[in-house]
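Today I opened a new notebook page for a protein.

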Amino acid sequence: MKQSLKQYSILTVILLTAFFLVSCSGGTANGTQGSPFIGGMEGVVVSFEQGQPMAEVYDAGQQVFNVQVKLENKGEHTVPKDRVKVTLGGFKEESFQQTTATLTKNPSSYLLAMKKLSNGNTQEGGPTYVDFPNLNYNNSVTGSQLTLPFRVTACYEYQTIAQSTLCVRKNILSPTPNGVCTVGEDKQAFTSGGPLQMTAFKTAPRSQNTIQFTFTLEHKGTGTLHKIGSVCSANSTGTASKIDDGKIFLKIDTGLKGLTCTGLSYTSTTGTLYQGTLTYRDAPIQLNCVQTLENLNDYVQPVTITTD
């Protein structure tokens with residue numbers, strides 16, 4: 001996700017529209033209360049600008065037309081312009097006097113994230129446009145008309161951040177009543193706006209100095225997930241291999257040393273951060289972690305989970 005940037009999950013969104021070619025001789029044819037985030041399940045929303053492509057154009061090189069694609073960031077992660085790739089397709093390139101290079105572009109500006117203001121209001125980032133000019137169908141249509149699909153594929157790198165809490169008590173297994181928090185229970189799960197969401201977070205005592213927590217991740221938006229760099233990078237061919245499908249780089253930070261988690265590959269630990277790669281297969285995935293505690297006292301400890 002060549003400057004030093006974090007790695008982000010890649011999502012690919014496909015939009016399809018019908019496109020009519022007419023022969024010259026043939027006639028016409030909200031966030032949860034208390035959440036630090038805005039929330040929502042959308043990332044980058046892709047659409048054709050109204051009237052582009054035109055509903056009908058003439059064949060045999062008689063009419064030059066443009067296609068404009070609108071990108072709107074409905075999530076809470078700003079996407080750099082070089083981390084978005086928009087491809088126009090669904091037709092034979094040379095039939096419209098185009099090449100692969102002219103039909104694959106980056107937007108001209110960043111896709112700014114939505115922001116939650118201090119007064120509670122939401123500030124939108126605004127749309128960004130990608131233009132595909134000078135298309136011209138140079139073949140002749142047999143009969144009165146021909147319908148061709150125009151498809152736009154947008155892949156982009158995105159990050160979501162989820163937050164919840166752990167309850168630490170002086171006595172994990174038999175805490176005194178009416179304490180500052182409850183060790184074992186379903187906790188609130190808050191996630192920034194984006195297609196990948198944390199939908200549950202549950203904690204439970206495991207031993208006198210360990211707490212187990214389980215959280216669920218679910219891809220609730222549109223598009224598909226791919227490994228970072230597999231389809232959006234500058235040197236990419238634009239096609240992800242099956243081995244890259246559903247790969248997510250996950251970082252879990254409890255602010256406490258002694259964290260281990262299962263269900264991840266290529267794991268590493270840096271300070272209080274535990275990270276690794278998971279594979280998402282079109283269904284909610286549950287991960288389990290165990291936090292070993294050194295400072296047994298009564299307090300609430302924040303947990304931050306970042307999906308890249």
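Here are my entries, in the order I looked things up.

**Ground rules.** I am working with a predicted model, where local features need pLDDT of at least 70, side-chain atom pairs count only at pLDDT 80 or more, and totals for chains, interfaces and linings use all residues. Residues are numbered from 1 along each chain as its sequence is written, and side-chain values use heavy atoms, leaving out hydrogens and water.

**Overall.** I found 22 strands and zero helices (DSSP runs: strands are E, at least two residues; helices are H or I, at least four). Of the 308 residues, 44% count as buried (under 20% relative accessible area; exposed is over 50%, partly exposed in between, with a 1.4 Å probe and protein chains only).

**Salt bridges.** I counted nine, each a side-chain nitrogen of Lys or Arg within 4 Å of a carboxyl oxygen of Asp or Glu.

**Arg-83 and Glu-157.** Their closest N and O atoms are 3.8 Å apart. Arg-83 lies in the loop between β4 and β5, Glu-157 in strand β10, 74 residues apart. Arg-83 is buried at 12% relative accessible area, and Glu-157 is buried at 1%.

**Asp-298 and Arg-169.** This salt bridge spans 3.1 Å, N to O, and links parts of the chain 129 residues apart.

**A network.** Lys-70, Glu-72 and Lys-74 are linked by salt bridges. I noted 4.0 Å, N to O, for Lys-74 and Glu-72; Lys-74 is partly exposed at 25%.
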